There are 2 protein chains.
Amino acid sequence: MAVSQILTDNGASVTLWEFDSKICKQLVEERKQEDKLPGFKLPEKVGVTNLIDEALENKSLIVLAVPAQYLRQSLLKAVDRIPENSIVVNLAKGIENKTLKRMSEVITDVLKDKNVTVSTLSGPSHAEEVVRRMPTTVVIAGKNERKNEQLQELFSNSYFRAYKSSDIIGVELGGSLKNIIAIAAGIASGLGLGDNTLGALVTRGLAEITRLGIVLGAKSETFAGLSGVGDLITTCASRHSRNRYVGERIGKGEKLDEILSTMTMIAEGVETTRAGFDLSRMHEVEMPITKEVYKVLFENKPPGEAVWELMGRELKSEVWR
Amino acid sequence: MAVSQILTDNGASVTLWEFDSKICKQLVEERKQEDKLPGFKLPEKVGVTNLIDEALENKSLIVLAVPAQYLRQSLLKAVDRIPENSIVVNLAKGIENKTLKRMSEVITDVLKDKNVTVSTLSGPSHAEEVVRRMPTTVVIAGKNERKNEQLQELFSNSYFRAYKSSDIIGVELGGSLKNIIAIAAGIASGLGLGDNTLGALVTRGLAEITRLGIVLGAKSETFAGLSGVGDLITTCASRHSRNRYVGERIGKGEKLDEILSTMTMIAEGVETTRAGFDLSRMHEVEMPITKEVYKVLFENKPPGEAVWELMGRELKSEVWR
C-alpha cells in the first residue's frame, strides 16, 4: 500500500493484487486497512483487484510485497501471467527457511523461464512513515546497472530517495539478518538494560552479519549502508519494529508462542534467526549474537544468561573478521 | 566518577582530582554530585582531592575526563607532576577548535618532554549506565600494542568490556564527529520526522565522517566499530544524549544561545560542528550533513529547509567515497 502511494505520486498507474477476497472487498469499498496502516487511505487512482490476471495485465513493473516464507507459493500462482521483459522488485526482508535462499534467488527459481529483471528494494522505510511522506531513503539493488537507474527514477521523489547498488547479495542479507540483531536489542531492552548495551549489540551484530555476508559473496561496504546499518538503527531505535517488540517481550519473560499468537503481523526476524543460525553453522562463521538469540527463542535459554555470556567472551581486538 | 567506580571494582587505588574547590568539598563530604550523576555515590575507597600534586603522586595511570576545549589548559596545570612512564588515557570526545587537533595530539603537545603513553578510551558508554553496572563495551586505542593490552586488562570486568585498537586517529575522530550527526538526528526528531529519516541521517552521516577520517589517516573499519557506529547509535537513540537534546530543541524552533544557557553540562557536538566544518573545507571532503548542521546552528538556517535540501541532492550510487 505504501509503495502504491509512492508510485502514484510519481505518476504511475498502479494496481494492487490482494489474494484474500474479504480484505480485497474492504480495500475496494473503504480504501483502507486500519490494522495494517492506521489512518492511511489508498490514493484514488490505485486499482485494487482479487484477480491476478487483471493485476498483471500490461504491467512493466511488478512489486512483490509478500512475507519471505510465502513468496515462492504466491509467485507460483502468478508465474504464467508475469509479462516478458518486466522488472520484478522484491520488498521482503527474509530468507526462505527450507532452502536458505535469498528472495531474489527464490524469484529467479520460479521465473527461470521468463526474461525478467529481478531487483530488491531495501533500507530504513517503515510504511507508517512513508505514507505520511516523511523523508525516507532506500537502496535498490540488482545486477543490471541500466535497470537500477530506471528503478531509481521510478521510485524517487521529494520524500522518497532511492540509491542504487549492484550488490544484491549484501542488500538482501543486510535487510534480513539485521532483524536478528533487532530481536537481540529488544531482549536487552526487555531485560531493563540501557543504551550502552544497545550500542554494543548493534556494533557487534553488524560485525557478525557482515562476516557471514562476505563469505556468501556480499561486499562489506554494503553493510555500512542503508540496507545494513541504516535499517538496523531504525529497527533497533523504533518502538514500532515488530522484531524489536518480540525481543522486548521475550526479555520480560514471555514465551515465543504466546507472543506470536497475539500478533496480527509477521515478525520476519523469528524465521530469519533459524536461517541465520543454519547459515553460520554451514559456513562455519562465528556469530555469537545470532547463536544466543537462537537459543533464547527456540531452546528456552534464559535471556539474562545469554547477555552476560556475550559480555564474558574472551577479550579481543575490535577488528577480527 | 564512573571510571573511578570501574577501576575501584577492578581493585585499583583511585584518586579523583576536582579543580573546583566547592565541588571538591561536596564530593568529600557527600560522596555524590546529583546534577551530574543522579543517584550515584562514589565508592568509599576513592580518594578525592583539590590538590593536583596529591592526585598525581605515585600514579601509573592518569585518566583525563575534561571537556575537549579545556583539556590543554587543565593539563598544563598538571604537566610538571605527571610521573614519568605513566599511561595517560583520554576520555574527551572532541576536537580542539583553535588548532583542529585531536585530544591525543593535544596531550602529546603538552607532554612532549615526558616519557608517557597516550591512549583514548571511547565507545557507547553513558556514565549514567556504567555506574549502574549495565553491560557496556568500549574501545581503547593507542599506538603501543602492549600498553593497549595492559589497559584492556585494567579496565575490563563483568559489566565493562574493553576492546583494543591501534587506530587512535579513527577512534578519536569517530567519537567526536558522531556528535554532529547526533545533533542532526535531534533536529530531525524536533521537526517531528520519524525513524526512516533517522536511519538515513545516521547512515549518510557515518559515510561522511568516514570519508573525512580516511583523508586524515584513519582506517575505515574503525568507523564501523564501537567508537563509530556503536557510539552513534547509542547517542542517536538515547533520550539522554546532550547533543541529540540540543538538536531536538533546535528542531522545535529554539535558538542555540537560549538552549546552551539552560544546560549545566557541555554538549561537545556544538563545538565539534565548527571543527568538522573547518576540517571538511580544509581537506575538501564533501560533508553535506555537517555543512547543514553548521548552517542551522551558526547561520540561522531554518532546520526544515536543511533537511529537505539534504533529501534533494542528486541521485547517486550508495558507495561514492
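Modeller: Let's start with contact, which means heavy atoms within 4.5 Å. Keep in mind that this is a predicted model, where local features need pLDDT of at least 70, side-chain atom pairs count only at 80 or more, totals for chains, interfaces and linings use all residues, and side-chain values use heavy atoms, with hydrogens and water left out. Residues are numbered from 1 along each chain as written, while chains are lettered from A and ligands numbered from 1 in the order written.

Colleague: Which residues does P83(B) contact, leaving aside its neighbours within four places in sequence?

Modeller: L56(B), K59(B), I62(B) and V116(B). I62(B) is 21 residues from P83(B) along the chain, and their C-alpha atoms are 9.2 Å apart.

Colleague: Where does P83(B) sit?

Modeller: In the loop between α4 (71–78) and β4 (87–90) of chain B. Those names come from DSSP runs numbered from the N terminus: helices are H or I of at least four residues, strands E of at least two.

Colleague: What makes R72(A) and D109(A) a salt bridge?

Modeller: The label asks for a side-chain nitrogen of Lys or Arg within 4 Å of a carboxyl oxygen of Asp or Glu. Here the closest N and O atoms are 3.1 Å apart, so the pair qualifies. R72(A) is in helix α4 and D109(A) in helix α5 of chain A, so the bridge ties together parts 37 residues apart in sequence. Over all chains there are 36 salt bridges.

Colleague: What is in contact across the two chains?

Modeller: 58 residues of chain A with 59 of chain B. On chain A's side, α9(A) gives the largest share, 10 residues.

Colleague: How do you know that the copies are related as by a two-fold axis?

Modeller: A rotation of 180 degrees with 0.0 Å of shift along its axis superposes chain A on chain B, RMSD 0.0 Å, and therefore the relation is that of a two-fold rotation axis. A237(A) has chain A's C-alpha nearest the axis, 2.8 Å from it.

Colleague: What are the confidence scores, ipTM and pTM?

Modeller: Both are 0.92.

Conventions: Least-squares fit on C-alpha atoms with pLDDT ≥ 70 in both.
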